[in-house]
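The sequence and the model are shown first.

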Amino acid sequence: MQDPVAIIVGAGPSGLATAACLNQHSIPHIVLEREDCFASLWKKYSYDRLHLHLRKEFCELPHMSFPESFPTYVPKDQFIQYLDNYVSYFKISPLYQRSVEFASFDEEAEKWNVKARNVSSGEIEEYSARFLVVASGETSDPFIPEVEGLNSFTGEVLHSTNFKNGKTYSDKNVLVVGSGNSGMEIALDLANHGARTSIVIRSPIHILSREMVYLGLNMLKYFSCGLVDKLMVLLSKLVYGDLTKYGINRPTEGPFFMKVAYGKYPVFDVGTFNKIKSGEIQVLPALESIRGNEVAFENGKSYPFDTILFCTGFKRSTNKWLKGDDCLLNEDGIPKPGYPNHWKGKNGLYCIGLSRRGLYGASADAQNAVNDIKALM
């Protein structure tokens, strides 16, 4: 193989999109992936009933559409099939079990030097290239918050990345912590399988149907975010009514504004709200402490649980290994420059899929970065 012009860190959808674009321009590169497969979050760490939350036209990677036979909202297994076809078609060959531990720019050689640990052998391998692409994603390291007494809990504690389905939880008292889309959908799956399900909803949330989101995304092409948000909130109130009856508050800021400003997605309701309304899913406020199997909440009440399932998201690991970058990424691994200039740093450094715009954003980032690399060669 020729010396790589670019090094891509991560073989999730963002890394694959970048590799495909580089291959389209015959630009030699390597992809370093710490897991033993590409798209490991999808293949190994996601729950069975997961679907793409947006319609398929918003989720395509560059240069390959979804098959027409795929449903509007693509299920996990078919998305993995699409990625398998994508990797095969664009002849992407990641180097697996390479955990990047250090990357810095050599001013004299004008190259990025990358050190990666070969997870199989334990040896450190060194790579260098003119361009470095951070594609390790928004979801690199599972995060469980500190809760007083958590280590005293006598039941099962797990993160959403270790949950597959609710089959084994029938008749068990299960507490879901976290009310993002994963938390809400996992709570629905548990209730459908007969678990006595509770969910912690600590912060205000917007609840929208898939149809509302699709309408909103199309309207954003022609109308201001503020106007679209007002309509979304109005539609949500018409469909879901007064949420405070069920222990849920709506934010004061609009759903699309919050997505762009804070990366906080609205909840795309796929049936959870009806379970909350019927009482099959109990809504609880923030956790206060845990003692044995008793969990205390900030409203002063406590309940016993068999399982606590944390749907509390992820932390980025980029700040642990990327050295000498003061311009592109903050300590949490999110771009410092605002959209749409978030993808390009200094000295040939790029980040893909960190704009909080999902697969659609990752595809655009990949194409922008590779066009820029081609222009600089």
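His63 is found in the loop between helix 2 (40-44) and helix 3 (76-89). Helices (H or I, at least four residues) and strands (E, at least two) are DSSP runs, numbered from the N terminus. The model is predicted, so local features need pLDDT of at least 70 and side-chain atom pairs count only at pLDDT 80 or more, while totals for chains, interfaces and linings use all residues. Residues are numbered from 1 along each chain as its sequence is written, and side-chain values use heavy atoms, with hydrogens and water left out.

**Individual residues**

His63 is not a glycine, yet its phi is positive, at about 70 degrees. Asp171, in the loop between strand 8 (156-159) and strand 9 (173-177), is likewise a residue other than glycine with a positive phi, near 70 degrees. Most residues other than glycine have a negative phi, and most peptide bonds are trans.

The table lists relative accessibility for these two residues and for two others, Gly216 in helix 5 (residues 210-219) and Thr307 in strand 17 (residues 307-310). Buried means under 20% relative accessible area, exposed over 50%, and partly exposed in between (1.4 Å probe, protein chains only).

| Residue | Relative accessibility | Class |
|---|---|---|
| His63 | 46% | partly exposed |
| Asp171 | 52% | exposed |
| Gly216 | 0% | buried |
| Thr307 | 1% | buried |

Not counting residues up to four places away in sequence, Gly216 touches Val228, Met232 and Phe256, where contact means heavy atoms within 4.5 Å. The C-alpha atoms of Gly216 and Leu227 are separated by 9.9 Å, the two residues being 11 apart along the chain. For Thr307, with neighbours within four places in sequence left aside, the contacts are Phe153, Glu156, Leu158, Tyr169, Asn173, Val174 and Leu175.

An open sheet of four strands has the order 2-1-6-19, with parallel pairing. Two strands count as paired if DSSP finds at least two bridges between them. Strand 2 and strand 19 (349-351) are the edge strands, each with a single partner strand, so one side of each has no neighbour in the sheet. From one strand to the next the twist averages 15 degrees. Axes are lines fitted to C-alpha atoms, for helices over the stretch in contact, and angles run from 0 to 180 degrees between N-to-C directions.

Strand 1 (residues 6-9) has Ala6 and Ile8 pointing one way and Ile7 and Val9 the other way, and all are buried. In a regular strand the side chains alternate between the two faces of the sheet. Four bridges join strand 1 to strand 2 (residues 29-32) in parallel; Ile7 has Ile30 as its bridge partner there, and Ile8 has Val31. Strand 1 also pairs with strand 6 (residues 131-134), again in the parallel sense over four bridges, and Ile7 stands opposite Leu132 in strand 6.

**Helices on the sheet**

Helix 1 (residues 13-24) forms a right-handed β-α-β unit with strand 1 and strand 2. Right-handed here means that, with the strands pointing away from the viewer, the path from the first strand over the helix to the second runs clockwise. Helix 1 lies across strand 1, strand 2 and strand 6, at about 160 degrees to strand 1. Helix 10 lies across strand 6 and strand 19, at about 165 degrees to strand 19.

The axes of helix 1 and helix 10 (residues 358-376) come within 9 Å and cross at roughly 35 degrees. Their crossing is right-handed; a crossing is so called if the near helix is turned clockwise from the far one by less than a right angle, and left-handed if anticlockwise. In helix 1, Pro13, Ser14, Ala17, Thr18, Cys21 and Leu22 meet Leu359, Ala362, Ala366, Gln367, Val370 and Ile373 in helix 10.

**Nonpolar cores**

A nonpolar core is a set of buried Ala, Val, Leu, Ile, Met, Phe, Trp, Tyr and Cys residues joined through side-chain atoms within 4.5 Å. The largest has 79 residues, and those with the most contacts inside it are Phe79, Tyr82, Tyr86, Leu190 and Ile207. Leaving aside neighbours within four places in sequence, Leu190 is in contact with Phe163, Gly166, Tyr169, Val174, Val176, Ala195, Thr197 and Leu309. A second, separate core of 21 residues includes Ala103, Ala116, Tyr127 and Val134.
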